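Hello,

Here is the structure we talked about handing over. Please open it alongside the notes below.

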Amino acid sequence: MAEQPATPTDLAQWQALTQLRNQLAATSMRDLFAQDSERASRYLIEAAGLALDFSRNRLTDEILDALMALSDACGLDQRRTALFAGEIVNPTENRPALHTALRQPADQDVRVDGKNIIPEIHQTLERMDRLVSAVHSGSHSGYTGKAFTDLVSIGIGGSFLGPKLVVEALKPYWQGNIRCHFVANIDGTNITETLSELDPETTVFLVQSKSFRTQETLENSQVARQWFVDNGATDAAVSAHFLAVTANVAEATRFGINRDNIFPMWDWVGGRYSLWSAIGLPIALTLGMDHFRALLNGAHAMDCHFRDQPGDRNLPIVMAMLSVWYNNFWGAESHAVLPYDEYLKHLPEHLQQLDMESNGKRVTQNGRAVDYQTGPVLWGGVGANGQHAYHQLIHQGTRLIPADFIIPLLSHNPVAHHHATLFANCLSQARAMMAGKTRAEAEQELIEDGVDAATAENLAPHKAIPGNQPSNILMMDKLTPETLGALIALYEHRTFVQSVIWNLDCFDQWGVELGKQIGNEILPRLLNDGTSRQRR
């Protein structure tokens, strides 16, 4: 793999972008649209069922070319090839990162340590298919012979956020009468409230932990097991009601889970990239395997687009380089994700882990401290709710906050004029962020509304909106398993491209590990103190 420069700030391409930023500083996006009647159509890319309108950005053709030149200078082509080929792209753990292999067709060849991993991936998919069919048909039932009605998925981080997003986002595609519940938090309220609504005879549990020792997951699983036994089941019945996704088969069988119900986790897939694997069992059990495979197909379509298309016509690369542009050259410190679809309400949560756990780093791949800003704070929420809350900060606050608007053209629930109103809100917010309202326009508007000149002059500064806030609009015909798969894969690749520019290892998370380490030191002291107080 090609050697990357120690710091991108030393590159001539970085310096060129600094100059271009200074040249553009006095030009608004209003001006850019006025100067270019074809801007909206030219800054539009379509791929894998998604369309990206990136015309509302502080961007010219010259800047777009310069951003692509920076990506070339940072070795993006070589790093992208290495990612798909299974080379070591996670150097601190000496691992490849092959989430893309999880959605490859069965006839492909992707090797880890000389072994083609595609057959094992598809064998696991077939096992998942058999399990889903058995649960949906009732042939795999509870210990009293009753069909399962509820699934409790117990995991945390990537074993929780990704599957939860997909299950909730694709509710119109649910099949098999399985209700899915997610337990992640170690707060006892989470597991207690979840179990209080369930019947042990018709509940199946899925324990998701690579080590089968993740503290939160293991403790919640033990509570679930005890609840199951305390409510009339025998220890032997655990094998029918508990499934696992783990690399620690011995520990899972010791827990009481049948080997046939244990699915693999591989070192070459990080947690936040793992929903495409057996970690996606909650998705498959809730939606059915056909829809799970459609999700994989959508992601694979985005993989092919990312792998094959030139940078300036490549959705993940364009979005990533725009993020770098604002983060490193304009001082933006956060990025808003604003899905205008109720089914996508959990998307910002998943993307927070994907982006901030991946690129929340302060040293380069070779261990040198960075001299530039890395991962931004990613946040957001479902539209149009945010318009009555935090959009105010974007419109009239003092911070530069780039935003991604995401909306399907068609709704799964067409009610009256709701979707047209929603779409109008989405477009109007993007336009307002871009164009704003000048003080003179605000003053004239007040006068036209009958306000006297003196009052209008006093009120106008409060009603003026600076505008020039950049945004992207991501559209799809409809939210389906395919388009959702493409959308999630788009953000995965966007995250990777950013890490290449910043020369980061986006596949490790040592800051997370430190918290676990310290927690394991503190917990025994708290438990001992509690025991002592009880004795007194």
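Predicted model: local features only at pLDDT ≥ 70, side-chain atom pairs only at ≥ 80, totals over all residues.

Start with helix 7, residues 161–169. Of its 9 residues, 7 are buried, so the rest of the structure largely encloses this helix. The buried ones are Leu161, Gly162, Pro163, Leu165, Val166, Val167 and Ala169. Their cover includes strand 6 (179–183) and helix 12 (281–287). Helix 13 (289–308), helix 15 (347–359) and helix 20 (481–502) are also among the covering elements.

Next, the rings. There are 18 aromatic pairs in the structure. One of them joins Phe84 and Phe306, with 6.1 Å centre to centre and 40° between the planes, a tilted pair. This pair links distant parts of the chain: Phe84 belongs to helix 5 (residues 76–85), Phe306 to helix 13, and 222 residues separate them. Phe84 has 10% relative accessibility and Phe306 has 0%; buried means under 20%, so both count as buried.

Trp325 and Trp330 form another pair. Their ring centres are 5.8 Å apart and their planes stand at 80°, so the pair is edge-to-face. Trp325 counts as buried at 0% relative accessibility. Trp330 also counts as buried, at 13%.

Ring pairs connect Tyr143, Phe205, Phe212, Trp227, Phe228, Phe242 and Phe255.

Last, the arginines. Arg80 places its charged end over the ring of Phe306, 5.6 Å from the ring centre. Arg103 lies over the face of Trp276, 4.6 Å from the ring centre.

Best wishes

Methods
Residues numbered from 1 in each chain as written. Heavy atoms only, no water. Buried < 20%, exposed > 50% of the residue type's maximum accessible area, 1.4 Å probe, protein only. Helix = DSSP H or I, 4+ residues; strand = E, 2+ residues; numbered from the N terminus. Contact = heavy atoms within 4.5 Å. Phe/Tyr/Trp six-rings, centres within 6.5 Å; stacked < 30°, edge-to-face > 60°. Lys NZ or Arg CZ within 6 Å of the ring centre and 35° of its normal.
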